[in-house]
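I opened this model to take notes on a few places in it. My entries follow the display.

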Amino acid sequence: MDQVEEIKGKTDIVELIQEYVPLKRAGRNYKGLCPFHGEKTPSFMVNPELQIFKCFGCGEGGDAYSFLQRIEGMEFGEALRNLADRVGVKLVSYRPSQQEELKDTLLQTNYLAGEYYHYVLTKHNLGIQAREYLKDRGVTNEAIEIFKLGFAPEGWDFLLSYLSGKKGFKEEDIERAGLAIKSQSDKETKKQSYYDRFRNRIMFPLNNPRGQTVGFSGRVMPGADEKAGGKYVNTPETEIYHKSGILYGYDLARSAIKAENTSVLVEGQMDVIGSWQAGVPNSVGVGGTALTDRQIELLKRVGETVIMALDADQAGDAAARKGIEAAGKTGLIVKVVDIRKGRKYKDPGEWATDDPDGWKEAVKKAVVVYDFYLDSAVSRHGLDVVGKTRIGRELFPNPKK
Ligand SMILES: [Zn+2]
């Protein structure tokens, strides 16, 4: 029997899927809410005898391998290795595809870059200023370790020479990993040259849900020219980094979200770190105002309630509302922390760092989203006749005639 079949035979598909979706016995099958499309009544079936799953809502179906590939975004080889580990089978002769090998290389490149940046921040003289800056912003050493923060020194090829020189990576792979940029090739020799994408920046590793570093967000140092690249520089889309599928801190927050059955959604990296330090470990960063379908899927997998930290402007913001509505449609319970209540603080990160108890309390007192909409509309439009009309239009934009 070949190993692919052997491993599949040893895998308990019900147990595997139950790590993502709560299942209930229904005759010879198990039933649950489909993780691949939004639904409120279960049409997702798992059959333990045949070791298959099938959704009668969206048509998704297959075996343990295809389940892992679909839900974790794995290549076949990764799913195979994952299940082999799980059932304790040692793979003897699996040859990865080119695509899998490339992804592996890009993952290794990003992993080593993370190690390098972290080393510079925590141990090297070049990181002194950045260390001071983080300390001033109230970031603890513990948080620096947990979130593996780093520093990219000022210069054109610190990382490149480390990765291509010491570690033997090809420059074009470093570029494909999003860490270097191609410059004009030399007219005479036609030789391509590269330079570091991240320079003089505090580095936040961006991990996929499995905790592998797939990219970075680099924050400009105070006093540096923000116009040269902007306040934040992020990894562009690569074979392993897809912005729409990343929630900052998700891999670290996952078990806390499960324990509370609730996730707390903030915007940026500093918000997540501040919130984590304040004792709200189930916080994740959405990196913008609009939640994507993939992000909603990730949140739904680990908790039934999502608490969003929003300010009054965002309540009226169409993109934010779209995300909230999309989350609500999948059956997630959406609550809101009104960050106006933090008065003097401009974002959750500042609030959580300066007044950790206040932030924790505010999260505990989050209100259901429709109450929040109403409050915020009333505060913006007032309750006179014109105000009421505007509120009506905002909350019920498409009246049925
Ligand atoms: Zn489905």
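Entry 1: I started at His37, which is partly exposed at a relative accessible area of 23%. My cut-offs were under 20% for buried, over 50% for exposed and partly exposed in between, with a 1.4 Å probe and protein chains only. This is a predicted model, where local features need pLDDT of at least 70, side-chain atom pairs count only at pLDDT 80 or more, and totals for chains, interfaces and linings use all residues. Residues are numbered from 1 along each chain as its sequence is written, and side-chain values use heavy atoms, with hydrogens and water left out.

I then looked up what holds the zinc ion. Cys34 (SG), His37 (ND1), Cys55 (SG) and Cys58 (SG) coordinate the ion at 2.1 to 2.3 Å. Donors here are N, O and S atoms within 2.8 Å of the metal (3.2 Å for Na, K and Ca); water is not among the atoms, so sites may look incomplete. The arrangement is tetrahedral because the four donor atoms subtend angles of 101 to 120 degrees. For four donors, that term asks for all angles between 85 and 135 degrees. Along the chain, the donors follow the spacing C-x2-H-x17-C-x2-C. His37 sits in the loop between strand E2 (29-32) and strand E3 (44-47), and Cys55 in strand E4 (residues 52-55), so the pair ties together parts 18 residues apart in sequence. Helices (H or I, at least four residues) and strands (E, at least two) are DSSP runs, numbered from the N terminus. I noted that Cys55 is buried, with a relative accessible area of 0%.

**Entry 2: helix packing.** How do H5 and H8 pack? Helix H5 (residues 98-123) and helix H8 (residues 158-166) meet at an angle of about 125 degrees, their axes 11 Å apart. Axes are lines fitted to C-alpha atoms, for helices over the stretch in contact, and angles run from 0 to 180 degrees between N-to-C directions. H5 and H8 are therefore oblique to each other. Angles under 35 degrees count as roughly parallel, over 145 as roughly antiparallel, 65 to 115 as roughly perpendicular and the rest as oblique.

I also checked helix H6 (residues 128-136), whose axis comes within 7 Å of that of H5 and crosses at roughly 80 degrees. That makes H5 roughly perpendicular to H6.

**Entry 3: Ser217.** I found Ser217 in strand E10 (residues 213-220). Ser217 is buried, at 1% relative accessibility. Its C-alpha atom is separated by 6.5 Å from that of Tyr232, 15 residues apart along the chain.

Note on methods: Four donors count as tetrahedral if all angles lie between 85 and 135 degrees; four count as square planar and six as octahedral if opposite donors are over 155 degrees apart and all others between 65 and 115; anything else is irregular.
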